[in-house]
Amino acid sequence: MNTKERAYLKGLAQNITPVLSLGKSSLTPEFVEAAAEALKARELIKVNVLKNCIDDPGTLAITLGERTRSEVVQVIGRKIVLYKRNQENIKIVFPGEKIKTNKK
């Protein structure tokens, strides 16, 4: 992901609410699975790290990105933004990008 794509995704992320919250149990397999499903459905998600989670949000973002095979767009305070393109159903199209469709 280049810087222009990252900047575009940051702009989109400003208007979305967190879909998941990480609590004191931190990164469980169930949470990673829920994040992967949310990424497949939305492509761009925001995760809220609650105050009772003792782990560092930056480290959590990297680990969650690796486990879901997604890209960390940004970490601001206790908010993590992740992006993963769904090749079957593309929802986010970057400016200037052309998407091939199977429609005739």
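Helices H2 and H3 are roughly perpendicular to each other, a label for angles of 65 to 115 degrees, while angles under 35 degrees count as roughly parallel, over 145 as roughly antiparallel and the rest as oblique. The model is predicted, so local features need pLDDT of at least 70 and side-chain atom pairs count only at pLDDT 80 or more, while totals for chains, interfaces and linings use all residues. Residues are numbered from 1 along each chain as its sequence is written, and side-chain values use heavy atoms, with hydrogens and water left out.

Two packed helices are described by the angle between their axes and the distance between the axes. Here the axes of H2 and H3 cross at roughly 70 degrees and come within 10 Å. Axes are lines fitted to C-alpha atoms, for helices over the stretch in contact, and the angles run from 0 to 180 degrees between N-to-C directions. The crossing of H2 and H3 is right-handed; in that case the near helix is turned clockwise from the far one by less than a right angle, and in a left-handed crossing anticlockwise. Helices (H or I, at least four residues) and strands (E, at least two) are DSSP runs, numbered from the N terminus.

Which residues of H2 and H3 meet? On the H2 side they are Phe31, Val32, Ala35, Ala36 and Leu39, and on the H3 side Leu64, Arg67 and Thr68. Contact here means heavy atoms within 4.5 Å.

## The nonpolar cores

In soluble globular proteins, nonpolar side chains tend to be buried together. A nonpolar core is a set of buried Ala, Val, Leu, Ile, Met, Phe, Trp, Tyr and Cys residues joined through side-chain atoms within 4.5 Å. Buried means under 20% relative accessible area, exposed over 50%, and partly exposed in between (1.4 Å probe, protein chains only). The largest core has 17 residues, and Ile45, Val47 and Leu64 touch the most other members. Two or more residues come from each of strand S1 (20-22), helix H2 (29-42), strand S2 (44-49), helix H3 (57-68) and strand S4 (79-83). H2 gives the largest share, 5 residues.

Leu64 touches Leu27, Phe31, Val32, Ala35, Val47, Ser70 and Leu82, leaving aside residues up to four places away in sequence. A second, separate core holds 8 residues, among them Val73, Val81, Ile92 and Phe94.

## An aromatic cluster

The structure holds 2 aromatic pairs. Rings of Phe, Tyr and Trp (its six-membered ring) pair if their centres lie within 6.5 Å; planes under 30 degrees apart count as stacked, over 60 as edge-to-face and the rest as tilted. Tyr8 and Phe94 form an edge-to-face pair, 5.8 Å centre to centre with 65 degrees between the planes. Tyr8 lies in helix H1 (residues 3-13) and Phe94 in the segment after S4, so this pair ties together parts that are 86 residues apart in sequence. Tyr8 is partly exposed, at 29% relative accessible area, whereas Phe94 is buried, at 8%.

Tyr83 and Phe94 also pair edge-to-face, with 5.8 Å between the centres and 70 degrees between the planes. Because Tyr83 lies in strand S4 and Phe94 in the segment after S4, the pair joins parts that are 11 residues apart in sequence. Tyr8, Tyr83 and Phe94 form one aromatic cluster.

## Residues in the loops

Glu43 is in the loop between H2 and S2. Glu43 is not a glycine, yet has a positive phi of about 75 degrees. Is Glu43 buried or exposed? Glu43 is buried, with a relative accessible area of 0%.

The loop between H3 and strand S3 (71-76) holds Arg69. Arg69 also has a positive phi, near 55 degrees, in a residue other than glycine, and Arg69 is exposed, with a relative accessible area of 70%. Ser70 is in the loop between H3 and S3 and counts as buried at 12% relative accessibility. Not counting residues up to four places away in sequence, Ser70 touches Leu39, Leu64, Gly65, Leu82, Tyr83 and Lys84. Ser70 and Ala35 are 35 residues apart along the chain, and their C-alpha atoms are separated by 9.9 Å.

## After strand S4

Gln87 lies in the segment after S4 and is exposed, at 62% relative accessibility. From C-alpha to C-alpha, Gln87 and Thr3 are 21 Å apart in space, and in sequence they are 84 residues apart.

Lys98 lies in the segment after S4 and is exposed, at 79% relative accessibility. Lys98 and Glu33 are 65 residues apart in sequence and 31 Å apart in space, C-alpha to C-alpha.
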